[in-house]
Amino acid sequence: MEPPRANNNGGRKRKPTPPPAAAGGLGDLHDDMLEGVLARLPPAAYFRLRAVCRRWRAAAESPTFLDACARVPSRDPWFLMLSDSDSASGSVAFDAAGRSWNRLCRAAPGAAAAVPVAAWGGFVLYRAPDTGALTVANPLTGASRALPSPPPPLQSAQQQLQAIAMYGAGAGHYYRVALFAGDLPDLSMAVFDSSSNSWEGPLPLARKAGDDSSCYPDAPAQGGGGGDDDTVYFLSKSGDVVSTNMQRSASKQYSSVVVPSSAPGDGDAVAYFLSYSGTVVACDTARRTFAELPRILPVYFEYSIDVVACGAAAYAVVLSEYLDTASLRVWEFAGGAWRQVAAMPPAMSHGFHGTRADINCVGHGDRLMVCVTSAEASGCFMCDVASNQWEELPKHVNGDGEANEFLAAFSFEPRVEITV
């Protein structure tokens, strides 16, 4: 039998060599620094970082983490997408930076029938169609609060509600909600200020000096109560009877866009919305005046129109047909007249010819989103207004494997730290 071999170290066992020290990672960071790093992650990561480990979960629930999020100056916008298939289980948002779709929790608890009607900053405003109750929510976290009831006569719907606007009010996350009601030319405005948690108004709006819609040959007469009395009927090229009275979806029925007012004031704004006869109305909340802008196309043309705000300017987006093609153009009202600032490439817009499509638009920064819907063709498109660059957004596939068709959208800045 062969004797056992002696080892090289004289029978002594050698201790294993420890591995080299690992480079410092996130686990070695101080809590304050870790929270600062996590705060700069894309907002979509907020829902996942709590599942990484106990320390990250504790950081996500820490008030100092929310303070770190507040120090991030800006976030790329998310677009809250609206479709006929929206359910109480959640809504879908498009992340403009990550070019991805995200599921949001229901942002109006206790008001399943409430629909979004306006947005500003990180807030979305919901309205219950049956009662008119208003709820402000952070769609990223689901936190919400009900606003006090509007003052009469708006509360009792004695005046026809025309539009709802939401805009900033001073420093911080204070906001205002403006309700515009009445029949042109008799408009009034009531304003809710979140800093005081109270309503002001209703306040009458005067027609802006020098504004006379009768001087526009294509504008309908404004006498006789407006609204339904301003409806104009005509025969389309296909022989169908068409009404120019605007028929809006539930979410876009009272939509408006807001740009800063040129008048001195803290948080004052100009709200643009479509009247029921299809004209663009501009309401200055500081001067308490309104003006009707001239029509871009004659009243007897078949077209779909919406208003949108990009940066500090308001635009009108028009989808119309001419000869054997369709065009989608962006117009700005300046110097008393409309001028074209952007247009979808003909190769993209031609697909909507003959489809009688409807458009609903929303803007954020320099971006403009257009949702086009019809029985034959639908899609969502993004435009950089400054460069006139257009692209079609990727489709969102639901759990059944079918692509969702979105009717409209509202833009908001995804901020986990803001409270309602």
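Author: pLDDT is the predictor's confidence in each residue, from 0 to 100, and the protein chain here averages 78, with 76% of the residues scoring at least 70. This is a predicted model, in which local features need pLDDT of at least 70 and side-chain atom pairs count only at pLDDT 80 or more, while totals for chains, interfaces and linings use all residues. Residues are numbered from 1 along each chain as its sequence is written, and side-chain values use heavy atoms, with hydrogens and water left out.

Reader: What makes the pair of Trp78 and Phe412 edge-to-face?

Author: Rings of Phe, Tyr and Trp (its six-membered ring) pair if their centres lie within 6.5 Å, and planes under 30 degrees apart count as stacked, over 60 as edge-to-face and the rest as tilted. The centres of Trp78 and Phe412 are 6.3 Å apart and their planes stand at 70°, so the pair is edge-to-face. Trp78 belongs to strand β1 (residues 78–83) and Phe412 to strand β26 (residues 406–412), so the pair ties together parts that are 334 residues apart in sequence; strands are DSSP runs of E with at least two residues, helices runs of H or I with at least four, numbered from the N terminus.

Reader: Why is the pair of Trp101 and Phe406 called stacked?

Author: For Trp101 and Phe406 the distance is 5.3 Å centre to centre with 20° between the planes, and planes under 30 degrees apart count as stacked. Trp101 sits in strand β3 (residues 100–104) and Phe406 in strand β26, 305 residues apart.

Reader: How do you know that Gln162 counts as buried?

Author: Buried means under 20% relative accessible area, exposed over 50% and partly exposed in between (1.4 Å probe, protein chains only); Gln162 has 5% relative accessibility, so this residue counts as buried. Gln162 is placed in strand β8 (residues 161–168), and a polar atom of its side chain lies 2.9 Å from the backbone oxygen of Gly182.

Reader: What makes a set of residues a nonpolar core?

Author: The set must consist of buried Ala, Val, Leu, Ile, Met, Phe, Trp, Tyr and Cys residues joined through side-chain atoms within 4.5 Å. The largest such core has 26 residues, and those with the most contacts inside it include Trp78 and Phe412. Apart from that core lies another, of 23 residues, among them Ala313, Val330, Met344 and Phe352.

Conventions:
A polar contact is a pair of N or O atoms within 3.5 Å; within protein, one must be able to donate a hydrogen and the other to accept it, and residues adjacent in sequence count only if both atoms are side-chain atoms.
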